[in-house]
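This briefing is meant to be read beside the sequence and the coordinates.

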Amino acid sequence: MNEKTTQLLERTFRFGVDVLKFLSTLPYNFIYKVPMLQLSRCSTSIGANYEEAQGAFSKRDFSYEIGISYREARESVYWLKTLSELYPDDKYKIDFERFKAETLELKKIFTTIKISSSK
């Protein structure tokens, strides 16, 4: 496994864990349970699917798993935007913006990987 792959595996893992830790700091409100659960799932799925891609049986399988990581990053952006509207306090704004920026970066990375793996 090359160094960039190892770094991205760690980065996606760290992102998922950091999102989970952040979600645990938000005040609980029953009505916000669904978006919080959705974000917890898709943010951790980014790394899980990238990890799965490393064991792909074929180029096509690899590309498929990368595509899932990309879609999970897109979904993470959606739920981050939703929750940032539900929790507008300034004390959460920096974290929401940081996580949104990271998901946008991950989307770009997975797009590049998918394009280069399709050649």
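The points below are grouped by topic.

The structure is a predicted model, and the protein in it holds four helices and zero strands. Its largest nonpolar core has 26 residues, and there are eight aromatic pairs in the structure.

**Fold and overall dimensions**

- Read from the N terminus on, the elements of the protein run α-α-α-α, in keeping with the count of four helices and zero strands.
- The C-alpha atoms fill a box of roughly 45 × 25 × 20 Å when the box is taken along the principal axes.
- A compact globule with 119 residues would have a radius of gyration near 14 Å, and because the protein has 15 Å, the value agrees with that expectation.
- Among contacts between residues at least 6 apart in sequence, 76% join residues that are at least 24 apart.

**Burial and surface**

- Of the 119 residues of the protein, 41% count as buried.
- The protein exposes about 7400 Å², and carbon and sulfur atoms supply 57% of that area.

**The largest nonpolar core**

- Within this core of 26 residues, those with the most contacts inside it are L26, L39, Y87, F96 and F110.
- The elements that give two or more residues to the core are α1 (3-23), α2 (33-53), α3 (59-86) and α4 (90-117).
- L39, one of the residues with the most contacts inside the core, touches V19, L23, S76, W79, L80 and L83, when residues up to four places away in sequence are not counted.

**Aromatic rings**

- Ring pairs link F15, F22, Y32, Y87, Y92, F96 and F99 into a cluster, and two of these residues, Y87 and F96, are also among those with the most contacts inside the largest nonpolar core.
- A pair of aromatic rings is described by the distance of the centres and the angle of the planes.
- One of the eight aromatic pairs is formed by F22 and Y92, which are edge-to-face at 6.3 Å centre to centre, with 75 degrees between the planes.
- F22 lies in helix α1 and Y92 in helix α4, so the pair ties together parts that are 70 residues apart in sequence.
- Both F22 and Y92 are buried.
- F99, which belongs to the ring cluster, has R98 lying over its face, at 4.4 Å from the ring centre.

Note on methods:
Residues numbered from 1 in each chain as written. Predicted model: local features only at pLDDT ≥ 70, side-chain atom pairs only at ≥ 80, totals over all residues. Heavy atoms only, no water. Core = buried A, V, L, I, M, F, W, Y, C linked by side-chain atoms within 4.5 Å. Buried < 20%, exposed > 50% of the residue type's maximum accessible area, 1.4 Å probe, protein only. Contact = heavy atoms within 4.5 Å. Phe/Tyr/Trp six-rings, centres within 6.5 Å; stacked < 30°, edge-to-face > 60°. Lys NZ or Arg CZ within 6 Å of the ring centre and 35° of its normal. Rg over C-alpha atoms; globule rule 2.2 N^0.38 Å. Areas by Shrake-Rupley, 256 points an atom, 1.4 Å probe, with all protein chains shown as cover.
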